Amino acid sequence: MTESHLRLTPKESDILGLKRKLDLAKGIIEKGGRPSIVRSVCQISKASALQFHKEIHGHGPKAGLLPYDPDWITKSPENCLHASIYFNIFQKISRNTTACKGEIYLAAYTLYEQTLMDKPKILNINRAWHIGQQISMSYLCGMTCSRCHSTYVAIREFPDPYKFCPLCDATSDSTGRQKWKQLHTRPRIHRTKRKKKSHIETSLNKDDL
Ligand SMILES: [Zn+2]
């Protein structure tokens with residue numbers, strides 16, 4: 001990237017060191033992060049986020065709202081597995097660090113990509129941010145499987161028997177596509193209003209996967 005013409009206000013540069021902020025924004029945008037997320041994570045203005053996106057990619061971002069599906073992790077065992085890999089990493093590197101939340105987010109996503117190597121990255125960086133928000137709101141929680149002992153993410157409000165393990169509760173159909181084993185034998189889940197909790201109640205551990 002050539003020298004940036006980004007203009008940050010003094011207020012913006014106070015929140016985090018300017019270089020750290022630009023490095024963070026650059027890293028997120030390079031991995032496909034949407035300006036709305038960059039703006040939120042780096043606490044920069046909308047105009048700055050848009051301009052930075054243009055400088056890095058040579059064009060503006062796609063129009064439209066950010067796709068958001070709160071129950072994405074339940075849609076397939078693969079979704080749940082990838083979200084679990086990401087958050088096991090996230091939890092591990094969150095301990096004993098002075099990095100800010102945004103830097104942990106980018107570092108965790110980078111490690112997720114490295115863990116997957118040449119395999120498809122089902123979890124994109126924008127979805128990873130949403131999942132982080134869901135964890136901090138306690139919409140998602142960490143579960144430890146009693147069979148394979150892996151730690152995976154699940155929707156907290158679901159009863160425990162419906163918090164499926166992406167390794168033990170998965171099966172493949174004739175096309176090789178992964179599905180949840182239980183879905184055709186168990187009744188539809190009805191959601192109840194959840195209680196908001198202020199702390200993350202999970203103990204995800206990358207080594208368990
Ligand atoms: Zn399991």
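Residues are numbered from 1 along each chain, in the order in which its sequence is written. Because the model is predicted, local features need a pLDDT of at least 70 and side-chain atom pairs count only at pLDDT 80 or more, whereas totals for chains, interfaces and linings use all residues.

**Confidence and make-up**

The mean pLDDT of the protein chain is 83, and 78% of the residues score at least 70, where pLDDT is the predictor's confidence in each residue on a scale from 0 to 100. Where pLDDT is low, the predicted coordinates should not be read in detail.

The secondary structure comes to seven helices and four strands, which follow the pattern α-α-α-α-α-α-α-β-β-β-β along the sequence; helices (H or I, at least four residues) and strands (E, at least two) are DSSP runs numbered from the N terminus. Of the 209 residues in the chain, 30% are buried, a class that requires 20 or more other C-beta atoms within 10 Å of the residue's own, with exposed meaning 12 or fewer and partly exposed in between, the C-beta atoms being placed from the backbone. Among contacts between residues at least 6 apart in sequence, 58% join residues at least 24 apart.

**Two helix pairs**

The axes below are lines fitted to C-alpha atoms over the stretch in contact, and the angles run from 0 to 180 degrees between N-to-C directions.

| Pair | Axes come within | Crossing angle |
|---|---|---|
| α3 (residues 35–42) and α4 (residues 46–57) | 9 Å | roughly 125 degrees |
| α5 (residues 77–94) and α6 (residues 101–116) | 9 Å | roughly 130 degrees |

The angle makes α3 oblique to α4, since angles under 35 degrees count as roughly parallel, over 145 as roughly antiparallel, 65 to 115 as roughly perpendicular and the rest as oblique. The crossing of α3 and α4 is right-handed, that is, the near helix is turned clockwise from the far one by less than a right angle. In this contact P35, V38 and R39 of α3 meet K46, A49, L50, F52 and H53 of α4. A49 of α4 is buried, with 25 other C-beta atoms within 10 Å, and apart from residues up to four places away in sequence A49 touches P35, V38, R39 and I44.

Helices α5 and α6 are likewise oblique to each other, and α5 passes α6 in a right-handed crossing. The α5 side of the contact consists of I85, Y86, I89, F90, I93 and S94, and the α6 side of I104, A107, A108, Y109, L111, Y112 and T115.

**Positive phi values**

Most residues other than glycine have a negative phi. H149, in the loop between β1 (140–144) and β2 (151–155), has a positive phi of about 65 degrees and counts as exposed, with 12 C-beta neighbours inside 10 Å.

Notes. Contact = placed C-beta atoms within 7 Å.
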